[in-house]
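Welcome! Please take a look at the sequence and the structure below, and then let us walk through some of the details together.

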Amino acid sequence: MSLPTTKKSNGPKGHAGAISTDDFLGGRLSIVQPRGGHRAGSDAVFLAAAVPARAGQRVLDAGAGMGVAGLCLLARVPGIELTAVEIDPELATLAAGNAARNSFVQHVTVVTANVTSPGKVLRAAGLDAGGYQHVIANPPFHDEGSVRAAPDAARAAAHVIGRNGLAAWVRFFAAMAAPDGLLTLIHRPECLDELLALLDGRFGDVAVFPLFPKRDEPATRIIVQAKKGSRAGISLLQGLVLHDEDGRYTDEAEAVLRNGEGLHLRPAKEKGRRLGG
């Protein structure tokens with residue numbers, strides 16, 4: 001997945017090093033993020049595009065990083081109330097600054113917390129169990145020990161999850177989502193079996209939306225959306241091809257990445273292939 005265009009860099013340095021300012025959604029959003037280490041890219045944009053939020057609803061962005069996914073959603077649905085939870089204090093500070101930079105500060109609350117903490121710790125941090133109509137997440141993709149961790153601590157934490165870590169994230173999703181609330185996350189296709197097993201009994205009516213790098217190539221990402229408490233089955237959707245043969249984004253991908261259009265997983269389910277239920 002490609003990264004946004006970097007416009008400039010400035011002086012502040014922390015554990016992540018130099019800071020850059022990047023455009024998202026064709027310039028509708030200006031995002032400050034580390035120039036090295038963990039950086040947000042198109043995964044966050046596609047994740048946000050899949051969320052069918054409405055004005056007035058509460059959205060929780062779990063593992064928010066610099067806040068890109070939630071802010072992309074706010075750019076499309078300005079009336080939502082967004083809570084961004086992030087374990088890294090420096091990234092959380094950037095998320096709060098990005099909300100202010102893009103004039104969303106009145107609609108964004110940033111919480112510094114570990115999503116795998118006990119419930120009483122999360123409540124003390126200001127998170128409202130069962131209080132969010134939408135929970136969204138781009139959790140770490142790789143199991144601890146399966147890949148070499150990046151030397152940058154923030155990048156390693158964003159990409160490598162501890163043993164049984166995904167289970168802890170799913171417990172957090174279930175605890176935070178309102179009754180009938182929607183969970184939307186992006187992950188690797190290889191993790192689908194594990195993810196479905198963890199969702200079972202907590203979430204149902206699961207829609208799986210693949211993202212294909214090119215036509216006739218295997219998906220490299222999946223967007224998974226599920227409803228809390230539902231007992232409905234699983235639908236495999238047609239998904240989206242990201243690049244033409246010449247490497248440029250397809251018109252459909254450009255509509256999401258540059259124009260901020262949504263991906264309609266819920267209406268599209270009628271065109272999907274029902275796998276269970």
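Just after helix 7, Gly201 takes a positive phi of about 90 degrees. Helices here are DSSP runs of H or I with at least four residues, strands are runs of E with at least two, and both are numbered from the N terminus. This is a predicted model, in which local features need pLDDT of at least 70, side-chain atom pairs count only at pLDDT 80 or more, and totals for chains, interfaces and linings use all residues. Residues are numbered from 1 along each chain as its sequence is written, and side-chain values use heavy atoms, with hydrogens and water left out.

Let us step back into the helix itself. In helix 7 (residues 192-199), Leu192, Leu195, Leu198 and Leu199 are buried. They cover an arc of only 130 degrees around the axis, which puts them on the same side of helix 7; the arc is that of the directions from the helix axis to the C-beta atoms. Buried means under 20% relative accessible area, exposed means over 50%, and partly exposed lies in between (1.4 Å probe, protein chains only). Asp193 and Ala197 are exposed, on the face of helix 7 turned away from its buried side. What do the buried residues of helix 7 pack against? Their partners are helix 6 (165-176), strand 10, strand 11 and strand 12.

**Strand 11 and its neighbours**

Two strands are said to pair if DSSP finds at least two bridges between them. Strand 11 runs antiparallel to strand 12 (residues 221-228), and seven bridges join them. Within this pairing, Phe203 stands opposite Lys228 of strand 12. The hairpin of strand 11 and strand 12 has six residues between the strands, and in it Asp216 takes a positive phi near 70 degrees.

Strand 11 also has parallel neighbours. Three bridges join it to strand 13 (residues 234-236), running parallel, and here Val208 has Leu236 as its bridge partner. With strand 14 (residues 240-243), strand 11 pairs in the parallel sense over three bridges, and Lys214 is partnered by His243.

**Asp180 on strand 10**

Strand 10 (residues 177-187) is the place of Asp180. Is this residue buried or exposed? Asp180 is exposed, with a relative accessible area of 56%. Contact means heavy atoms within 4.5 Å, and, not counting residues up to four places away in sequence, Asp180 touches Lys227 and Lys228. Asp180 and Tyr132 are 48 residues apart in sequence, and their C-alpha atoms are 9.9 Å apart in space.

**Salt bridges and cysteines**

A salt bridge is a side-chain nitrogen of Lys or Arg within 4 Å of a carboxyl oxygen of Asp or Glu. By this rule the count comes to six salt bridges, including those in the table.

| Pair | Closest N and O atoms |
|---|---|
| Asp22 and Arg39 | 2.8 Å |
| Arg188 and Glu190 | 3.8 Å |
| Arg258 and Glu254 | 3.4 Å |

Asp22 forms a salt bridge with Arg39. Asp22 lies in strand 2 (residues 17-24) and Arg39 in the loop between strand 3 (29-34) and helix 1 (42-49), so the pair ties together parts that are 17 residues apart in sequence. Asp22 is buried, at a relative accessible area of 0%, and Arg39 counts as buried too, at 15%. In another pair, Arg188 is buried at 18% relative accessibility, whereas Glu190 is exposed at 60%. Arg258 counts as partly exposed at 37%, and Glu254 is partly exposed at 27%.

With a disulfide taken as a pair of cysteine sulfur atoms within 2.5 Å, the count comes to zero disulfides. Cys72 is buried, with a relative accessible area of 4%, and Cys191 is buried at 7%.

**The nonpolar cores**

A nonpolar core is a set of buried Ala, Val, Leu, Ile, Met, Phe, Trp, Tyr and Cys residues joined through side-chain atoms within 4.5 Å. The largest one has 48 residues, and those with the most contacts inside it are Leu29, Phe46, Ile223 and Leu263. Helix 2 (68-76) is among the elements that give two or more residues to this core, and its seven residues are the largest share. Apart from this core lies another, of 32 residues, among them Val135, Val170, Leu185 and Leu199.
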